[in-house]
Amino acid sequence: MSNSSHDAAHAGLCTLADLIRWGAAELRRAGVLVGHSEDNPLDEARALVLHALHLPHESPASFAQARLLDAEIDAVCALFRRRIDERVPAAYLIGRAQFAGIELIADPRALVPRSPIAELIETGFQPWLGERPVTRVLDLCCGGGSIAIATALRHPHWQVSGADLSAEALSLAAENRALHRLDHRLRLVESNLFDALGGEIYDLIVSNPPYITEAEYTAMPDEYRHEPKLGLTSGTDGCDACLRILRDASAHLCEDGLLIVEVGEAERALRRLLPELPLAWIRFSVGPMGVFAVAAGALRRHAAAIADLCAARGV
Ligand SMILES: C[S@@+](CC[C@H](N)C(=O)[O-])C[C@H]1O[C@@H](n2cnc3c(N)ncnc32)[C@H](O)[C@@H]1O
């Protein structure tokens, strides 16, 4: 973003609505990646402008025509400059993200929450969960806690645990847990996948593990460089973490338990690796998103094939 855009802003832009329109055009012109937070430049521009002006997200529509001070325009331009020149995701600049209808603290200790699993939380994991009685739930690879917290809030009688390898991500998850007053009901555990969860049994395990290949990572937009790489990449085909989860989950699921995992684009590789494993690929309102559900029984029946694959790749 050049200083001339900055000057142009000072020359012609007076109102909050002017700045949102201008900001959306700058974001679009610069080709930034939207999708980490909002799904279009106009909504992202609105969120950035309101944040820079210390105004709430739900500001009255009449504010749109409010004239701004020069110092306020400077603050908005400075924020857009960081978004465009440094490609910092909007959620990190704002310090907040929306997920499954709740607000969470967002910063570079964990990925910006954006999993399609939000939609499953909102529908109570139906129809995949069916009539299974649920009390014990694990969010494996919980990052900043989005899935665990949204699930615990929606299901007050479920006992939810979140586990992650990253102490930084867990410290953010703990702040989000406190924000939503869930200290008494959500346990957070530092664990390399299931390693620190020996002997624990769950009715439902949900996971959004890392699943991007190293090759994909190098080609990804710069916004991703601001997120912890540990949360993104998982071996040459993106399947390392998922295969370990498939191998070890059956020991942590009750007899009729259910495992739900997001693998994104790694779906194709996983289908090739385990063509016989009955994974139910979930359709979301926007279509398929690389998320599957699988019953504990199927994992047990295919345990030998999964273990062989893990052994062959040394995971
Ligand atoms: C894609 S992020 C998902 C974070 C969060 N669940 C969400 O949906 O926003 C993957 C997370 O897995 C964690 N992770 C990576 N390897 C792990 C491992 N071996 N054991 C536990 N967590 C791991 C990362 O720290 C990161 O927080």
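**Close-up views of a predicted model**

View 1. Leaving out residues up to four places away in sequence, Cys-242 touches Pro-209, Tyr-211, Val-261, Val-263, Ala-266 and Leu-270; two residues are in contact if their C-beta atoms, placed from the backbone, lie within 7 Å. This is a predicted model, where local features need pLDDT of at least 70, side-chain atom pairs count only at pLDDT 80 or more, and totals for chains, interfaces and linings use all residues. Residues are numbered from 1 along each chain as its sequence is written.

**View 2. Helix α10, mostly covered.** Cys-242 is one of the buried residues of α10, along with Asp-240, Leu-243 and Arg-244, among others. In this helix (residues 240-249), 9 of the 10 residues are buried. Buried means that 20 or more other C-beta atoms lie within 10 Å of a residue's own, exposed means 12 or fewer, and partly exposed is in between, with C-beta atoms placed from the backbone. Helices (H or I, at least four residues) and strands (E, at least two) are DSSP runs, numbered from the N terminus. What do the buried residues of α10 pack against? Their partners include the strands β3 (136-140), β6 (202-207) and β7 (253-262), and the helices α11 (267-273), α12 (296-301) and α13 (303-313).

**View 3. The largest nonpolar core.** This core has 86 residues, and Cys-242 is among those that touch the most other members, together with Leu-48, Val-49, Ile-205, Leu-259 and Ile-260. It draws at least three residues from each of domain 1 (3-94) and domain 2 (109-313). A nonpolar core here is a set of buried Ala, Val, Leu, Ile, Met, Phe, Trp, Tyr and Cys residues joined through C-beta atoms within 7 Å.

**View 4. Where domain 1 meets domain 2.** The domain bounds come from an automatic or database domain assignment. The C-alpha centres of the two domains lie 34 Å apart, and 8 residues of domain 1 are in contact with 6 residues of domain 2. On the domain 1 side, the touching residues divide into 5 nonpolar, 2 polar and 1 charged. For this count, Ala, Val, Leu, Ile, Met, Phe, Trp, Tyr, Cys and Pro are nonpolar, Asp, Glu, Lys and Arg are charged, and the others, Gly among them, are polar.

**View 5. Around the ligand.** Here 21 residues surround the ligand, and the closest are Cys-141, Gly-143, Leu-165, Ser-166 and Gly-231. A residue counts as near a molecule if its C-beta atom, placed from the backbone, lies within 6 Å of it. The shell is made up of 13 nonpolar, 7 polar and 1 charged.

**View 6. Ile-94 at the end of a helix run.** Ile-94 sits in helix α5 (residues 90-94). Is Ile-94 buried or partly exposed? It counts as partly exposed because it has 19 C-beta neighbours inside 10 Å. Neighbours within four places in sequence aside, Ile-94 is in contact with Ala-47 and His-51.

View 7. Most residues other than glycine have a negative phi, and most peptide bonds are trans. Phe-125, in the loop between α6 and β3, has a positive phi near 60°, and it counts as buried because it has 23 C-beta neighbours inside 10 Å. A cis peptide bond joins Gln-126 and Pro-127, with omega about 5°. His-54 also has a positive phi, of about 60°, but it is exposed, with 8 other C-beta atoms within 10 Å.
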